[in-house]
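Let's take a walk through this model together. Have the sequence and the 3D view ready.

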Number of protein chains: 2
Amino acid sequence: MLTERQLFILRVLIDDYIKHVEPVGSRTISKREDITYSPATIRNELADLEDLGFLEKTHTSSGRIPSEKGYRFYVDHLLPSLSMSEGEIGHSELLFTEKVQEAEALFDQSAKILSDLTNYTSVVLGPNALDMKLKHMQIIPISSQMAVAIFVTNTGHVENRQIVLPDTIEPSDLEKLVNILNERLAGVRLIELNTRIQKELSAVFKKHLQDYQNTGVFLDQLLLWSKKEKLFYGGKTNMLSQPEFRDLDKVRPLLDFLETRDLMEKLVSSTEKGVTVRIGTENEHEAMKNCSVINASYTMHGKHIGTISLIGPTRMEYKKVISLLDSLSKEMTTRLNDFSD
Amino acid sequence: MLTERQLFILRVLIDDYIKHVEPVGSRTISKREDITYSPATIRNELADLEDLGFLEKTHTSSGRIPSEKGYRFYVDHLLPSLSMSEGEIGHSELLFTEKVQEAEALFDQSAKILSDLTNYTSVVLGPNALDMKLKHMQIIPISSQMAVAIFVTNTGHVENRQIVLPDTIEPSDLEKLVNILNERLAGVRLIELNTRIQKELSAVFKKHLQDYQNTGVFLDQLLLWSKKEKLFYGGKTNMLSQPEFRDLDKVRPLLDFLETRDLMEKLVSSTEKGVTVRIGTENEHEAMKNCSVINASYTMHGKHIGTISLIGPTRMEYKKVISLLDSLSKEMTTRLNDFSD
DNA sequence: ATTTAGCACTCGCTGTTTAAGAGTGCTAAC
DNA sequence: GTTAGCACTCTTAAACAGCGAGTGCTAAAT
């Protein structure tokens, strides 16, 4: 168990390191107004904190820097509680300069605002359109063989895909198929359409469609979804201005990571509510081992539908960033739900 | 006018510099098998070529590097003519591993292939959907006030937007409106819909719609387009591996440029047919002053609809890259036109 | 039992010097 | 017209010294 003094020193040291990005020595700490101990005393404490794994040295006679464990402890126990900074909330309202009308614009602007405000890289993971409910679907032929299938969701999102019209399918069957889908499956989530059909509608299909066999294959083509979350970025190159990534060979993997869709999706996906912090190797990817990821989820009708995240060096301004992300995600939630009135 | 020997030396020097990225000295050139002159002779020629503005020195006693003018001359007059390398054409056919069915996938893959093959950054400027012709349109209400307007083009592309339904508009008018649009304006380019209506259909509207006044405002909302070209990137971070951009302060502006939509659109747009090369300051933007941009256009039914481009250092492998871009753009054209059978 | 002053020691950083190497321009000879 | 020779320039890398920041330990002070 850490003493009061150790806690205090640890916090001061990490605050200082976050601010100045340079190893912090005993003298620096002891010079602070609110510290009454001499450098020698501090040195003893620092040595202890190092033994406990909260601090590290860059070389034998350097000042200390926080270890990953140090940051973790800082975030979990030393951060002035969030409620303190409620003052900042309301801020973000001002930030949305233009009135945004569509969700996509909201996500895009949120990402930009966040990265501008923090100088880190931000990512918004948009809602998975496939989780939205079918409002209306339609098939529009564009040539003898090709057609476009269109699915409109309750949120006003439009999914579309080109499909090949098999010669074998009867035009009348096609029409009936669309009608059945619209009548029976409105309100069902896109992703569930296919299973619902399998389970509940095969009888209906059999009854109404002339060529039930071929229609099945066609349905599979029609309703085979691929992932549809969208990522919105802000400040992709902000990493370059972080002192710890001033080295090209260090940034390259990072930037490559940012450009790799599935890695990013995995990184940024989070089912937890509220704000979460993942530090360094907790991100479980080599390229992210010197980064922290702050995740906040936004909701719609109380349901988690996406996240807004910040990616920066492990030495992040956690305090500022966490409260910012907290309020911005709430703001996003509010606005999103306003849309669907 | 340059002598044969000067032409030869210039070409050899630029070839060498492109390959090794290091100032080329007289000794290096004279050592080549096909050169019979001594370093001293070469030195004289180099001094002349420098006076003429084709070469530069990095410092008083360094070897020479090509100037912008040098590259321009090289590209215009010293490049083995394209037809020579026809052998490479056909290659690109093999490169498309998966069979792509939608245009977007084709663009995306083309960009990836190109950047992989060259280690430069590639960009495909997709066709402007607004130049495509209306196949079918529809308005689907999603709530009491909101609706989604959907426009399907002859190419199977779907444009959609959310619109506010004014209370003042009659549901029956809305239906008629959609019908008129579909009957009278199929085959018209999306971008032209509004003017066509103004010019030709006001009479029709007046006759069929109860509340013509309000409909006009609504139409403006419905048919006010914003630019819709899409950019597809490949190898965004390839710049980082180019020796000339090993410096962070040099890459940063470059990467920022790549992320700025309108700058990129401008950079990559080109109405010229075939392959064009823009070197250094010819790109008219500070950030691009050390880059060359190679542009190739692809067509549909003979009409220029987009470009595929490569961005790299002014020291580019022009020969390889130009012929590659030439054949890839042709391949793209072929595949695109196959779609619309 | 803490705390602190003092001191020897370790690194990293900066600036200087040095030497090697690549290349040039010019001159005079071929 | 070509080339050998040479003095000169500039860059790069290595070696070295000195400074400053910081540490750990010990012994004295509180």
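We'll go from the chain contact to a hairpin and then to the nonpolar cores.

First, some ground rules: this is a predicted model, where local features need pLDDT of at least 70, side-chain atom pairs count only at pLDDT 80 or more, and totals for chains, interfaces and linings use all residues. Residues are numbered from 1 along each chain as its sequence is written, while chains are lettered from A and ligands numbered from 1 in the order in which they are written.

Start where the chains meet: 24 residues of chain B are in contact with 24 residues of chain A (C-beta atoms, placed from the backbone, within 7 Å). On chain B's side, β4, β5, β6 and α10 each give two or more residues, with α10(B) supplying the largest share, five residues. Helices here are DSSP runs of H or I, at least four residues, and strands are runs of E, at least two, numbered from the N terminus.

Now look at β5(B) and β6(B), which pair in the antiparallel sense over seven bridges (pairing takes at least two DSSP bridges). Val148(B) sits opposite Gln162(B) in β6(B). Four residues lie between the strands of this hairpin, where Gly156(B) takes a positive phi near 85 degrees.

Next, the largest nonpolar core, with 57 residues: buried Ala, Val, Leu, Ile, Met, Phe, Trp, Tyr and Cys joined through C-beta atoms within 7 Å, where buried means 20 or more other C-beta atoms within 10 Å. Helix α12 of chain B gives the largest share, eight residues. Ile294(B), among the residues with the most contacts inside this core, touches Val321(B) and Leu325(B), among others.

Definitions and conventions:
Two residues are in contact if their C-beta atoms, placed from the backbone, lie within 7 Å. A residue is buried if 20 or more other C-beta atoms lie within 10 Å of its own, exposed if 12 or fewer, and partly exposed in between; C-beta atoms are placed from the backbone. Lists of a residue's contacts leave out its neighbours within four places in sequence.
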